[in-house]
Amino acid sequence: MLLSALMFSAMQLMIRFSSAGGSFPLMEQVFFRNLIGLPAVCGLLLKKRIFPLGSASAQPYLFGRSLAGFLGIVTFFYATNHARIADANILNKLSPIFVTLLSALFLRERIPKIQCAALALSFFGAWLVCGPGLRSAPTAMLAALLSALFSGIAYTFVSALRGKADSLVVITHFSVFSVLCALPGMAAHFTMPTAEQFFQLMLISVFGSLGQIALTYSYHFAPAPAVSVYNYSGIVWSALLGWLFLGETLPGSTLLGGLLVIAASLLTFFHTQKNQAPENASYTNPREVL
């Protein structure tokens, strides 16, 4: 999980590097995000004799997950391009809180008092990140919040897909959907990358794919509660890489806000784990397929 968080933070760094010296088309970056991993995942599914895009009955859920995931990637990439990468990472970690809200709104699930407290704590932390000492563009902060929301929607669809589709099918469907949706936008505003930019775009895909693999194996070889807490090390990695390579600094309000977001998310997570029914112990964590 530590390696996964590092890979995704390195992916953020490559997003910024590819835009250095001027804006680089967002959809071109998104297109390359899934380009390398897609053939490998399709190959694994064909080897298992599973249709890569899933069954007909699962398509509504798969398309919902893929659309939400694609919008999450677009908004997260936009935030990374226009904000300090640690700020974008912190706000993106609000996604478990949005899952709680969405479950209450659409699945009619009751929100326990402890989760209400976590919601209040997380939004206060988000305000600290976006408020005092703000050094990132407001639109970028809004995009980071939207990326967390879309990720939460995607997690909710993944929950509905349990037992309906193989996790690799969910990954493949999302990757194909993202590549096809990014293609028209990339074609309309195509910019020929320099050799250096092309290398950086390929690294976006490499780091993203490696991060996904490490994430999947972390949940495969250990119980979710034992490893999921390390996912928040991504905030530390992003802050460190931003400081080392981009000269970014973090005010005290951002650090405090980040700690509150982490605390609120962990509070929600451990409460959920504690109250899961025994028959759900083998549940595949949604983050495994994102």
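Is C181 buried, exposed or partly exposed? Before I answer, let me say that this is a predicted model, in which local features need pLDDT of at least 70 and side-chain atom pairs count only at pLDDT 80 or more, while totals for chains, interfaces and linings use all residues. Residues are numbered from 1 along each chain as its sequence is written, and side-chain values use heavy atoms, with hydrogens and water left out.

C181 counts as partly exposed, because its relative accessibility is 31%, and the term covers what lies between buried, under 20% relative accessible area, and exposed, over 50%, with a 1.4 Å probe and protein chains only. C42, by comparison, is buried at 18%, and the structure holds zero disulfides, a disulfide being a pair of cysteine sulfur atoms within 2.5 Å.

C42 brings us to helix α3, residues 37-47, whose buried residues are G37, L38, V41, C42 and L45; helices here are DSSP runs of H or I, at least four residues, numbered from the N terminus.

Turning to helix α5, residues 85-92, we find N92, which is buried with a relative accessible area of 16%. Leaving aside neighbours within four places in sequence, N92 is in contact with F76, A144, S147, A148 and S151, contact meaning heavy atoms within 4.5 Å.

Technical notes: Helices (H or I, at least four residues) and strands (E, at least two) are DSSP runs, numbered from the N terminus.
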